[in-house]
Amino acid sequence: MKLETVLRQSESDILDEAFSALQRSQVAHYERAGEMFTRDRLAKLFGLVVDAIETRSLIPLSAYADRIASERFEAGFDISEVQMAFNSLEEAMWRRIVSAEPPDALAEAIGLLSTVLGFGKDTMARKYVSLASRKHVPSLDLTALFSGVEEGSPEG
């Protein structure tokens, strides 16, 4: 059976599992946004991932990841919260694939899913970091990790 068919047939279970994982992670902004918002966003991402696997086109996912990075950044979401949403969906999809795919098809299925989700996460993160570099964001303050980064420091 095609990977996208396996995923679509399990969509409801995958989305429930992803939502539960995200809820357990206690990501503040998604909790405040509410269940309907969070489930809707997970479903949108799920659809784009499955469509990308089916069509072998990352263009719609790229546009979406870029847009949600901007939206979540402006709404005050930490990048880790958005990554957690991607990760919770990815884990749920992986579980379904591993249990449904025959061993000889597993490598390709996992490769396709990992490629698509990795691309989406990378696109989102690059846009988020680009936005954050224009504005101080506590989660991206790396000054404590390196000497010589403070103004007037003899090393810098």
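Visitor: Is Gln83 buried or exposed?

Guide: Buried means under 20% relative accessible area, exposed over 50%, and partly exposed in between, with a 1.4 Å probe and protein chains only. Gln83 has 18% relative accessibility, so it counts as buried. This is a predicted model, in which local features need pLDDT of at least 70 and side-chain atom pairs count only at pLDDT 80 or more, while totals for chains, interfaces and linings use all residues. Residues are numbered from 1 along each chain as its sequence is written, and side-chain values use heavy atoms, with hydrogens and water left out.

Visitor: Where is Gln83 found, and which residues is Gln83 in contact with?

Guide: Helices (H or I, at least four residues) and strands (E, at least two) are DSSP runs, numbered from the N terminus. Gln83 lies in helix 6, residues 79-100. Contact means heavy atoms within 4.5 Å. Apart from neighbours within four places in sequence, Gln83 is in contact with Lys121, Met124 and Ala125.

Visitor: Is Met1 buried or exposed?

Guide: Met1 is exposed, its relative accessible area being 66%. Met1 sits in the segment before helix 1 (3-9). Not counting residues up to four places away in sequence, Met1 touches Val6, Gln9 and Glu101. Met1 and Ala100 are 99 residues apart in sequence, yet their C-alpha atoms are 9.2 Å apart.

Visitor: How many helices and strands are there in the protein?

Guide: The protein has seven helices and zero strands. Of its 156 residues, 38% count as buried. Among contacts with a separation of 6 or more, 75% are between residues 24 or more positions apart.

Visitor: At what angle do helix 4 and helix 6 pack?

Guide: Axes are lines fitted to C-alpha atoms, for helices over the stretch in contact, and angles run from 0 to 180 degrees between N-to-C directions. Helix 4 and helix 6 pack at about 60°, with axes 11 Å apart. Angles under 35 degrees count as roughly parallel, over 145 as roughly antiparallel, 65 to 115 as roughly perpendicular and the rest as oblique. Helix 4 is therefore oblique to helix 6. The contact joins Leu42, Leu45, Phe46, Val49 and Val50 of helix 4 to Ala85, Phe86, Ser88, Leu89 and Met93 of helix 6.

Visitor: How do the residues of that contact divide?

Guide: Ala, Val, Leu, Ile, Met, Phe, Trp, Tyr, Cys and Pro count as nonpolar, Asp, Glu, Lys and Arg as charged, and the others, Gly among them, as polar. The contact of helix 4 with helix 6 has nine nonpolar residues, one polar and no charged.

Visitor: Which residues make the contact of helix 4 with helix 7?

Guide: The axes of helix 4 and helix 7 (residues 103-132) come within 10 Å and cross at roughly 125°, and the two helices are therefore oblique to each other. Val49, Ala52 and Ile53 of helix 4 meet Leu112, Leu113, Val116 and Leu117 of helix 7. These divide into seven nonpolar, no polar and no charged.

Visitor: What is the packing angle of helix 2 and helix 4?

Guide: Helix 2 (residues 11-24) and helix 4 (residues 35-55) pack at about 130°, their axes 10 Å apart. Helix 2 is thus oblique to helix 4. Residues from helix 2 in the contact include Glu11, Asp16 and Phe19, and those from helix 4 include Glu35, Arg39 and Phe46. The contact of helix 2 with helix 4 divides into eight nonpolar residues, one polar and four charged.
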